[in-house]
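Open the model in your viewer and keep the selection panel at hand.

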Amino acid sequence: MTDAPPDAAPASLGPAPVEVRGLVKRYGELEAVAGVDLTVHAGDVYGYLGPNGAGKTTSLRMMLGLIRPTEGTVRLFGRDPLESVQALDDVAGFVEAPTFYPYLNGRRNLELLGSFDGGDARERIEQALETVELSDRAKDKVGGYSHGMRQRLGIAGALLRNPKLLLLDEPATGLDPAGMRDMRLLIRRLAEQGMTVMLSSHLLAEVEELCNRVAIVRSGKIVYEGAIADLKRSAGATYWLTTTNDERALAVCRAQPGIEGVRTAHGRIAFTADDAAVAELSQALIEARALIQMLTPQTVTLEDLFFSLTEGDGIVNGGRPAGEPATLEASR
Ligand SMILES: Nc1ncnc2c1ncn2[C@@H]1O[C@H](COP(=O)(O)OP(=O)(O)O)[C@@H](O)[C@H]1O
Ligand SMILES: [Mg+2]
């Protein structure tokens, strides 16, 4: 988390790398993407997070101009990828898995890719191989590459286009732990070099570690869009409390301003509050002679929030009391 880029992307001149408005894709009865709005700012590492089947790949396909939206618009740096070839000038990426000739080596595959993009793309091959740490294996046939190496070669292929925006569909899915770590380091390195990255994922830990902003999707709809830090803040801190007289303490909590979502769970009182309200509460408990035995803040992880947003009732569950993210109500 500490290594993730700051919440506020640097103020950028010109149109945002990605602006999606009212995006819909229907396949017969099925609404794979059901009205998505999102904005990726320059400098973002933006996570498009949702369970399998949420419509991530379909959305990215529309963003890359590979399929036509049923409704809505995509703008990449202000341009429609379906209307102008230039819209994709500064953009590269791939959905699902990159495709290569397995019987050719890594470098040769990049040479073929580069030849589509004209002269100077070829000059970038060595640099791209270096960036994705495949220089040593560039002479080996891609058929013998691991899944992680192929993903990295896919990114190298994208880098040949010298993009300002990289769109990646589940780049770490299916990789072993070392492969995931390499992928994270690579994406972070690209972000540090100033590239804007949008990646889809169903892996919370990945998004939490890499991204500054996130869109959480459920069944084709965005249930939250914004800074991860804001999402966590909006959930408030949840506390667990036990006292010398829990019955009285419960009444105090319920009457106390700023103490929200009071309930009992697992033999203790749970509530949501900010620091100031907790301080006031401790005073009120003393006055009511319900003395604190334990008062512990529970950290809300992105995982808690994800499940609260993508499953059922929208309340954080799993047997652990947690705050209802109040500001998310409006977006549901
Ligand atoms: N070409 C297609 N024809 C019919 N249904 C599709 C097609 N592509 C995707 N879908 C359906 O749209 C939904 C979203 O798919 P997808 O975008 O691949 O989700 P994700 O990438 O989030 O797992 C799924 O129910 C999937 O079966
Ligand atoms: Mg997918």
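In this predicted model, a residue counts as buried if 20 or more other C-beta atoms lie within 10 Å of its own, and as exposed if 12 or fewer do.

Start by selecting helix 2, residues 106-116. Its buried residues are Gly106, Arg107, Asn109, Leu110, Leu113 and Gly114. Because these cover an arc of only 155 degrees around the axis, they sit on the same side of helix 2. Now turn to the face directed away from that buried side, where the exposed residues Ser115 and Phe116 are found.

Six of them make an open sheet with mixed pairing, in the order 5-6-7-3-8-9. Strand 5 (91-94) and strand 9 (221-227) are at the edges; each has a single partner strand, so one side of each lacks a neighbour in the sheet. From one strand to the next, the twist averages 15 degrees.

Within the sheet, select strand 3 (residues 45-49) and strand 7 (residues 196-201), which pair in the parallel sense over five bridges. Pick Gly47 and look across to Leu199, its bridge partner in strand 7.

The crossing is right-handed. To see the contact, select Gly148, Gln151, Arg152 and Ile155 of helix 5 with Gly179, Asp182, Met183 and Leu186 of helix 6.

Technical notes
Residues numbered from 1 in each chain as written. Chains lettered and ligands numbered in written order. Predicted model: local features only at pLDDT ≥ 70, side-chain atom pairs only at ≥ 80, totals over all residues. Helix = DSSP H or I, 4+ residues; strand = E, 2+ residues; numbered from the N terminus. Arc of directions from axis to C-beta. Pairing = 2+ DSSP bridges. Axes fitted to C-alpha atoms, helices over the stretch in contact; angles between N-to-C directions. Left-handed = near helix turned anticlockwise from the far one by under 90°. Contact = placed C-beta atoms within 7 Å.
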